[in-house]
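The sequence and structure are shown first, and the description follows.

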Amino acid sequence: MDGQLVFSIDAEAVLGVASQFARFESALGVPARLVASKPPSDTVCASRDNCVSPMRIGDRLYKGVIDSHNECTMAFVVYTNSLDAQFLTAGHCGYGGSNNWYHPGLPGNHLVGTDQATLYGAEGDDLMRIQLPDAQASNLIYAEPNYPIRGYVYPQVGMPVCTSRGYTNVISCGTVTSIWVRWFSNTGGYYVWGGDTNLPSAGGDSGSPIYQKAYLGSGYAVGTLSNTSGNFGLVYRALQGLGPLAIYDPGDPSCNLGPC
C-alpha cells in the first residue's frame, strides 16, 4: 500500500509485538502495518520417508527391510570423541532381529547404519545409538526449521517440550510431568528408567526427539520418546552412558560440553 510501511515478523512473535505496535507506529510518524511472515520451507525433504542430504531429526527408520511400517524414528545427532557422526533413538528399537537400519530416501541400498551401543536392559535406560553417514548429519528437526538443536538441557517438571513424531507424522507439544520414573517396557520385558510427558504416540514413533523450543533459532535436546504413554529416555543419560558423546552444534561448540 502506498505510503505505508509493512513490518514482517515471525508468526510466533506477532502476538507479543502487536500490543506495543501502535505506540511504535505513533512514534514513527507514518502509517505502518504488522504482518506474520511465512516460516522458511524445507526444500530438501519431501517427506519423513524421503529426507536426506542431510537427513533430519524425526526421519523414519526401518529395521532390516523397508516395508509398510517404520519401526522407529531418528532422534538427535551425536558425535563420538573421534567426531564420528551417530544418532540416538529408543533402546528397545534394537531389541532382537536385524541391527541394520534403513531410510527409503538414501540412494543405493538405503542403509543408514547399524546398532553401536545400547543402555536398554533390566533397570536400564531406553536409549541406544546408531551409526550415521557423516554427510547425513544435521541439527535440523523435520518440519521445524526455526529450531535447530544447539545443545541439550536437563528436563524439569512443567517444562514445555515438543516432539516431531515419525510414524504419526505430526509435531505435538506438551510438558514434562516427571524427570525420573520407572516403567515396564514390553519389547524386552524390562523395567527401565527415564522421564515422562503428556505426549501420546503410536508404534513407529519410538525414538522421536523430545526438545525444548528455547527461542527462535535455538532448540535443545531433552529426550527420546519411548512409548505410547509419553515416557522418554533422557538425553543427558545417553551422552554419559553411551559415550562420552556430544550433541551436534555447529554454532556454539561450548554447548557440547554441558547444558546450554
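R237 forms a salt bridge with D125, with 3.0 Å between the closest N and O atoms; a salt bridge here is a side-chain nitrogen of Lys or Arg within 4 Å of a carboxyl oxygen of Asp or Glu. The pair links distant parts of the chain, since R237 is in helix α2 (residues 235-241) and D125 is in strand β9, 112 residues apart. Helices (H or I, at least four residues) and strands (E, at least two) are DSSP runs, numbered from the N terminus. D125 is buried, at 5% relative accessible area, whereas R237 is partly exposed at 29%. Buried means under 20% relative accessible area, exposed means over 50%, and partly exposed lies in between (1.4 Å probe, protein chains only).

The model is predicted: local features need pLDDT of at least 70, side-chain atom pairs count only at pLDDT 80 or more, and totals for chains, interfaces and linings use all residues. Residues are numbered from 1 along each chain as its sequence is written, and side-chain values use heavy atoms, leaving out hydrogens and water.

A search of the whole structure finds five salt bridges. Three of them, including the pair already described, are listed below.

| Pair | Closest N to O distance |
|---|---|
| E123 and R182 | 2.8 Å |
| R237 and D125 | 3.0 Å |

E123 forms a salt bridge with R182. E123 lies in the loop between β8 (111-118) and β9 (124-125), and R182 lies in strand β13 (residues 170-185), so this pair ties together parts that are 59 residues apart in sequence. E123 is partly exposed, at 40% relative accessibility, and R182 is partly exposed, at 40% relative accessibility.

Because R165 belongs to strand β12 (residues 160-165) and D205 to the loop between β14 (190-197) and β15 (209-215), the pair ties together parts that are 40 residues apart in sequence. Both R165 and D205 are buried.

The surroundings of β12 extend this picture. Five of the six residues of β12 are buried, so the strand is largely enclosed by the rest of the structure. Strand β12 is joined to β13 by six bridges, and the two run antiparallel; strands count as paired if DSSP finds at least two bridges between them. V161 has G174 in β13 as its bridge partner. Four residues separate the strands in the hairpin of β12 and β13, where N169 takes a positive phi near 55°. On β15, two bridges join that strand to β12, again in an antiparallel arrangement, and T163 stands opposite I210.

Elsewhere, eight strands form an open sheet with antiparallel pairing, in the order β4-β3-β7-β8-β10-β6-β5-β18. Its edge strands are β4 (72-73) and β18 (246-247), each of which pairs on one side only. Within this sheet, β5 (residues 77-79) and β6 (residues 85-89) pair in the antiparallel sense over three bridges, and Y79 has A85 in β6 as its bridge partner.

P145 is placed in the loop between β10 (128-131) and β11 (149-152). P145 is partly exposed, with a relative accessible area of 35%. P145 and L216 are 71 residues apart in sequence and 9.6 Å apart in space, C-alpha to C-alpha.

Confidence is expressed as pLDDT, the predictor's confidence in each residue, from 0 to 100. The mean pLDDT of the chain is 88, and 80% of its residues reach 70 or more. Over residues 36-40, pLDDT stays under 50, and the model has 11 contacts beyond four places in sequence for them, a contact being heavy atoms within 4.5 Å.
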